[in-house]
Amino acid sequence: MTDEPAARKATLRDRMRLIRDAMPPEERARRARLIEDRLLGLNEFRAAGMVLLFYSFGSEVTTGAIAEHIMDEGKQLFLPYLTPQGMEAAEVLPGDPLLPSGYGPREPSRRHPLDPGEVDLVVTPGLAFDRRGFRLGYGGGYYDRYLSRVRPETTRIGLAYSAQLVDRVPEEPSDQQLHLVVTDSETVDCRTPD
């Protein structure tokens, strides 16, 4: 096989989609509330003033209530959007309309890109995560390229159902590690070895 990590990633993506999609909607909602509570209780989250959050779709951990909490707390909420050059993020204010995208999540209607060096915390989606902080996204590499542009001290958090935590995500040199993975059953600190 010429591209072994890519092939292993594709297989894992298919398996994790099936696992996540098989979870009954009410169970996903229950677990998403547990994840939300864990995230909102983190010191790193409470200390952040500028938060880049993903807009959930499909069977992902829902982020709508998290977005509302960010704005209610007076923090600045940023959502990602795609351009021909890659992923950027723009601020979303209460009442701002969001635009549908061709790939699932909604995007900010006002597209004034945030300097990635200013963001305090990035909350990422993914299909699988491991305890080392590697994540398996959807295959476009958008988050990895964006995370390579943030400050080293910017906190990077993945949100996942506990079933999405795997022994090892196949990694490639361009993959960026997360600091924390928040699930419905635990918060994994990837900055410290087991």
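Q: How many bridges join strand β6 (residues 121–124) to β9?
A: In general, strands of a sheet pair through backbone hydrogen bonds, either parallel or antiparallel. Here β6 and β9 run parallel and are joined by four bridges, where pairing requires that DSSP find at least two bridges between two strands. Within this pair, V123 is set opposite I157 of β9. Strands (E, at least two residues) and helices (H or I, at least four) are DSSP runs numbered from the N terminus. The model is predicted, so local features need pLDDT of at least 70 and side-chain atom pairs count only at pLDDT 80 or more, while totals for chains, interfaces and linings use all residues. Residues are numbered from 1 along each chain as its sequence is written, and side-chain values use heavy atoms, with hydrogens and water left out.

Q: With which strand does β9 pair over three bridges?
A: That strand is β10 (residues 180–182), and the pairing with β9 is in the parallel sense. I157 has L180 as its bridge partner in β10.

Q: In what order do the seven strands form the open sheet?
A: The order is β3-β2-β1-β6-β9-β10-β11, with mixed pairing. The edges are taken by β3 (86–92) and β11 (187–189), each of which has a single partner strand, so one side of each is left without a neighbour in the sheet. From one strand to the next the twist averages 25°; axes are lines fitted to C-alpha atoms, for helices over the stretch in contact, and angles between N-to-C directions run from 0 to 180 degrees.

Q: Are the residues of β9 buried or exposed?
A: In a regular strand the side chains alternate between the two faces of the sheet. In β9, T155, I157 and L159 point one way, R156 and G158 point the other way, and all are buried. Buried means under 20% relative accessible area, exposed over 50%, and partly exposed in between, with a 1.4 Å probe and protein chains only. Because five of the five residues of β9 (residues 155–159) are buried, this strand is largely enclosed by the rest of the structure.

Q: Where does H179 lie, and what does H179 touch?
A: H179 belongs to the loop between β9 and β10. With a relative accessible area of 17%, H179 is buried. Residues up to four places away in sequence aside, H179 touches P152, T154, T155, R156, V188, D189, C190 and R191; contact means heavy atoms within 4.5 Å.

Q: Is L52 buried or exposed?
A: L52, located in strand β1, is buried, at a relative accessible area of 0%. Strand β1 (residues 50–52) runs parallel to strand β2 (residues 76–83), to which three bridges join it, and F78 is the bridge partner of L52 in β2. Beyond four places in sequence, L52 contacts several residues, including F78, M87, V123 and Y146. The C-alpha atoms of L52 and A89 are separated by 7.2 Å, although the two residues are 37 residues apart along the chain.

Q: Which strands does helix α4 (residues 64–72) lie across?
A: Helix α4 lies across β1, β2, β3 and β9, and runs at about 130° to β2.

Q: What volume does the largest pocket have?
A: On a 1 Å grid over the protein atoms alone, a cavity is a set of points where a 1.4 Å probe fits but cannot get out, a pocket is an open set with protein on both sides within 12 Å along at least five of seven lines, and lining residues have an atom within 4 Å of a point. Grid points are joined across faces, edges and corners, and a volume is the space filled by probe spheres set on the points. The volume of the largest pocket is about 510 Å³. Its lining comprises 27 residues, the closest to the centre being Y138, G139, G140, Y142 and Y143. Two or more lining residues come from each of α1 (4–22), β2, β8 (135–136) and α5 (142–147). By class, 14 residues of this lining are nonpolar, five polar and eight charged; Ala, Val, Leu, Ile, Met, Phe, Trp, Tyr, Cys and Pro count as nonpolar, Asp, Glu, Lys and Arg as charged, and the others, Gly among them, as polar.

Q: Which residues lie nearest the centre of the second largest pocket?
A: They are Y55, A67, L77, L79 and L98, out of 17 lining residues. The second largest pocket has a volume of about 200 Å³. Helix α4 gives four residues, the largest share of this lining.

Q: Which residues line the largest cavity?
A: The lining consists of R20, F54, E60, V61, P125, G126, L159 and Q164. About 30 Å³ of space lies inside the largest cavity.
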